[in-house]
Amino acid sequence: MFQNPICVALDTPDPALAAAMAGRLKGRVGMAKVGMELFYRTGRAGYEQVAAQGVPVFLDLKLHDIPNTVAQGLTSLMSLAPAPAIVNVHATGGPAMLEAAARAVDGKARLIAVTILTSLSDADIHAAGFDPAADTAQTAVKLAQLSKQSGLDGVVCSPHDTAAIKAACGADFITVVPGVRPAGADVQDQKRIATPRTARADGADILVIGRPITQAADPAAAAAAITASLEG
Ligand code: C5P
């Protein structure tokens with residue numbers, strides 16, 4: 001499943017654009033990420049237009065609600081054709097929600113959890129009511145361990161937390177890592193970044209990369225160059 005670790009983020013609400021990009025990148029990336037902007041606008045039709053290109057899809061909807069509602073939402077998502085390769089929930093939904101989510105997905109897709117959104121600073125996290133004494137990186141590891149104990153397959157995490165999460169949860173626990181920028185590329189609004197090679201060396205299984213590929217003059221060549229940078 002992870003022979004090619006690159007997951008291109010198709011961050012557009014337009015299904016025709018998303019499907020065209022997925023088609024151009026088929027064979028150059030291992031997966032494509034479809035998010036809320038496309039799914040909330042077009043629902044299953046838009047998702048299926050992208051998935052029909054033959055690239056496995058990470059459906060990034062980050063469910064977070066009471067266990068019964070999340071389980072029913074995931075059951076609905078599992079009726080998509082083809083089923084997504086990966087779906088996700090928030091780890092802060094708690095153990096009962098995570099366990100209900102795992103039962104609903106039932107191995108039909110990989111189920112991963114968002115630990116702490118990497119857009120949040122320590123001050124933001126404390127403002128949101130988390131333990132002011134806790135270190136954010138330690139909280140991310142704790143939520144990753146909870147996700148594993150609850151039967152999930154992995155987490156979304158910062159490149160800077162990947163090594164600690166792998167050490168705590170084991171090599172088989174999947175790490176999906178955004179904030180990846182090829183050496184010399186425009187950082188844009190990302191802050192805590194790593195190069196694809198460093199992120200992989202730290203244990204990232206899947207590299208989520210958007211604009212450095214989708215906004216390149218030749219997206220397929222950009223994806224191929226990133227793959228080459230991992231091998232070289
Ligand atoms: O264009 P870029 O490579 O920055 O896109 C990264 C993708 O990963 C976007 O879809 C973004 O929403 C997502 N993401 C992120 N940072 C997180 C979680 C998700 O950049 N902490």
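**Ligand contacts**

I started with Q190: an N or O atom in its side chain is 2.7 Å from an oxygen atom of the ligand. I call that a polar contact, meaning a pair of N or O atoms within 3.5 Å. This is a predicted model, where local features need pLDDT of at least 70, side-chain atom pairs count only at pLDDT 80 or more, and totals for chains, interfaces and linings use all residues. Residues are numbered from 1 along each chain as its sequence is written, and side-chain values use heavy atoms, with hydrogens and water left out.

Next I looked up D11, which has a polar side-chain atom 2.9 Å from an oxygen atom of the ligand. R211 uses its backbone instead: a polar atom there is 2.7 Å from a ligand oxygen. I then checked burial: the ligand exposes 460 Å² taken alone, and the protein buries 81% of that (Shrake-Rupley method, 1.4 Å probe).

**The shell**

Which residues surround the ligand? I noted A9, D11, K33, T118, P178, R181, Q190, V208, I209, G210, R211 and P212, where near means a heavy atom within 4 Å. By class I get five nonpolar, three polar and four charged residues. For the classes, Ala, Val, Leu, Ile, Met, Phe, Trp, Tyr, Cys and Pro are nonpolar, Asp, Glu, Lys and Arg are charged, and the others, Gly among them, are polar. β8 (206-209) and α9 (211-214) each give at least two residues to this shell; these elements are DSSP runs numbered from the N terminus, helices being H or I of at least four residues and strands E of at least two.

**Largest pocket**

Where does the ligand sit? I find it in the largest pocket, the test being that more than half of its atoms lie within 2 Å of the grid points. A pocket here is an open set on a 1 Å grid over the protein atoms alone, with protein on both sides within 12 Å along at least five of seven lines; lining residues have an atom within 4 Å of a point. Its volume is about 1,100 Å³, taken as the space filled by probe spheres set on points joined across faces, edges and corners. Of the 38 lining residues, T118, S119, P178, G179 and Q190 are the closest to the centre. The lining divides into 16 nonpolar, ten polar and twelve charged residues.

**Second largest pocket**

I put this one at about 180 Å³. A9, D11, G210 and R211 are among its lining residues, and they also turn up in the ligand shell. α1 (15-25) gives the largest share of the lining, four residues.

**Cavity**

How many cavities of 30 Å³ or more does the structure hold? I count one, a cavity being a set of points where a 1.4 Å probe fits but cannot get out. About 40 Å³ of space lies in the largest cavity. I125, H126, F130, D131, A134, D135, T136 and T139 line it, with α5 (122-127) and α6 (136-149) giving two or more residues each.

Most residues other than glycine have a negative phi, and most peptide bonds are trans. Against that, I noted a cis bond joining A81 and P82, with omega about -10 degrees. P82 belongs to the loop between α3 (67-77) and β4 (86-90). I also flagged K62, whose phi is positive, near 50 degrees; K62 is in strand β3.

How values were computed. A polar contact is a pair of N or O atoms within 3.5 Å; within protein, one must be able to donate a hydrogen and the other to accept it, and residues adjacent in sequence count only if both atoms are side-chain atoms.
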